[in-house]
Amino acid sequence: MSRIVGSPVPRVDGRAKVTGAAGYAADARVRGAAHGFLVTSTVATGRVARIDTRRAERAPGVIAVLTHLTMPRLTRPASPGAAFLKRVLPLQDAEIHHSGQPVAYVVAETLEQAQHAATLVDVAYDAGRPRVVLAAGMDDAYVPPRGLRGENEISRGDSAAGLAEADVRIDAEYTSPMHHHNPIEPSTTTAVWEGDRVTLYESAQGANATRAAVAEATGVPVANVRVLSPYLGGGFGGKGPVWPHTVLTAAVAREVGRPVKLVLSRAHTYTSIGHRAEAHQRIRIGARRDGTLTAVEHVTTQQVSRTEEEIFSTSESTRMLYACPNVRVVQRAVRLDLPAPSFMRSPEAVVSHALESALDELSEALGTDPVELRMRNHTRDNPENGEPFGSKHLLECYRRGAAAFGWDRRDPRPGSMRDGGDLIGWGMATAAHTAGGRPGAGARVVVSTEGRAVIQVSTHDIGTGTYTVMTQLAAQVLGLPMEDVTFQLGDTDFPFAFISAASATVPGVGGAVNRTCTRARRALIEIAVADARSPLHGVPAGRISVEDGRLFVTDEPRRRTGVRTVLRRHGKPVEITTEPGSMAPGYSTGAVFAEVRVDPRLGQVRVTRMLGAFDAGRILNRRTIRSQAVGGFVWAVGFTLGEHTLVDPNLGRIVNPNLSGYLVPVNADIPEVQAIFVDEPDPTSEALGARGFGETPMTGMTAAIANAVHHATGARIRDLPITQDKIIRALER
């Protein structure tokens, strides 16, 4: 299994992307397409008292201006297939739930005409005073009855008793701000109706969810909706749910009787799709003198909207990562007049940051090395159910990572490591993220009489390398050269796949591709051994191997024939389609290490080294998985040191809805990244032992950076982001 799978082959879609041949959703050339633009509310709560569209309707090129008074009535989807559209649809009534909510949809011949007409829509509001500050609403926090991953209050053992028996206790509070997705490609929809059938060119991580939601909202059969999304300019979770602008565009296109294209402006993406919720966390940890955990109590409070209460940052790390007999986790919500939060890349990073930072505080209180503390509390079994993980090589990650980083040279005393006038800090943490356990996928494989295979799944490549690793996996299982294999995705006419999120694509789609290609390979062998003209005629199928486009007797390799030869004589292609199967839950882990350099005069932090050692099951492609580690580390730098959505506390408006005010890392902020992989197959994964991984690296690296800042300065900054002013104030104390 090592000849193709695991090789660091370049991305098969790379040439198309760098030459401009890759067609993204907004690139779709649709004859007669008009352009849409949203008029959004300037208040955060209240009602539309009056809306005058007459000047806008008279503007050049304007086709229609639709408001809550004229927009077609839509059905809020309620079926399981459309579950990712749960937000209250705007433009169906006069209620305002947050600033930036659509109050009118302008359609014009050109984008510029639509943008101009939008400025001419006159709206008056009966506005209330918004409540948008999480800290001010903590007294009203409540525990929602159900969350995205189950109950929002879970206990095992007796956390109060465990804390009481502890020799050392940590009681700390951590905060993290609202974060926003900023993919290169903003969300976009082009809707084209032909009778009662609609095609959507959509920038989506969940084409099948989009299909179901649009069908139900507009009242047409699911079979009448086709969603195309072959290339994605970044998703990060923000394109996983089905947001109202997609459904509205489909409805508007049908209303005006021609195709309509809507591309969200950068500012609109801050209010029209979800975000990572602001969070407050209180964590209490008890341990014996030897570092053994006796109890963890972790209460997370997050903002939700007035219309939604789902919690997307749950406490898997606290519940699953370490051996602790007494654990209590609570997810609380505070309703605010803000857009609905959603999942965002590595949703478990919020809770992991607090847990791994608190463990660093515990290691200092005990005088125990941070790596040693974590190794002492390692568990091979899932503490939630007592069953073994499919595979878990986290101890090996600690050992390899510490050795490669040179952790034994660390002076544990905060502020003890210097280089000239700069303070040097080393920090580490455990990275862990659930991977899989979602609905599986189906797949279709067609091997032509020319010996070439096409594999189809309605999944997505959100930039992670799905095109490439699935081509590798299929080529390996079919026994064909990679150049004879084509993997197609992003079309709801292909077999079903779950949304590309939750680190579920590799195990889910990979499992489907493996199952389907295995059946196709067996069919090829059966054809070859049944063919009287074949040198393999009559040989038991179990003795036949397929490799590099040839079938041969395993113990007599000179008895061989080509796949093309077999199928040409057969006279028709081999075609196999499988229905969605199940996907085992997985857990990808690792040990991550960071070095920072702090200028105490300016409070400036530079991350100068990042290293991770990971267990992600079998590695399908060393190049693409390293890219995922680099991406996670880059995001961790932004999460810890810069990213912060700012909301006007009086008006409820986002005041930095752009990349000039919302600070993300650039190349100059990122040092060389080292990534080490254990590369041991997970026997529970049908994707040749590979697990989902993309969200894992960030979960530990945010705390590793924060822990390194503390080691450098002696200051424990628990409120993210760690900015220069906070460091200066801490050092002045």
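**Figure 1. Arg729 and Asp725 in helix α17 of the predicted model.** Arg729 and Asp725 stand 4 residues apart in helix α17 (residues 724–732), and are therefore separated by about one helical turn. Helices (H or I, at least four residues) and strands (E, at least two) are DSSP runs, numbered from the N terminus. The two residues form a salt bridge, with the closest N and O atoms 3.2 Å apart; the term denotes a side-chain nitrogen of Lys or Arg within 4 Å of a carboxyl oxygen of Asp or Glu. Arg729 is partly exposed at 43% relative accessible area, as is Asp725 at 39%; this class lies between buried (under 20%) and exposed (over 50%), using a 1.4 Å probe and protein chains only. The model is predicted: local features need pLDDT of at least 70, side-chain atom pairs count only at pLDDT 80 or more, and totals for chains, interfaces and linings use all residues. Residues are numbered from 1 along each chain as its sequence is written, and side-chain values use heavy atoms, leaving out hydrogens and water.

**Figure 2. The salt bridge between Arg50 and Asp122.** The side chains of Arg50 and Asp122 meet at 3.0 Å, N to O. Arg50 belongs to strand β2 (residues 46–52) and Asp122 to strand β6 (residues 122–127), so the pair ties together parts 72 residues apart in sequence. Arg50 has 41% relative accessibility, and Asp122 has 35%.

**Figure 3. The salt bridge between Arg515 and Glu686.** The closest N and O atoms of Arg515 and Glu686 are 2.7 Å apart. Arg515 lies in helix α13 (residues 505–530), while Glu686 occupies the loop between β29 (673–677) and α16 (696–713), so the pair ties together parts 171 residues apart in sequence.
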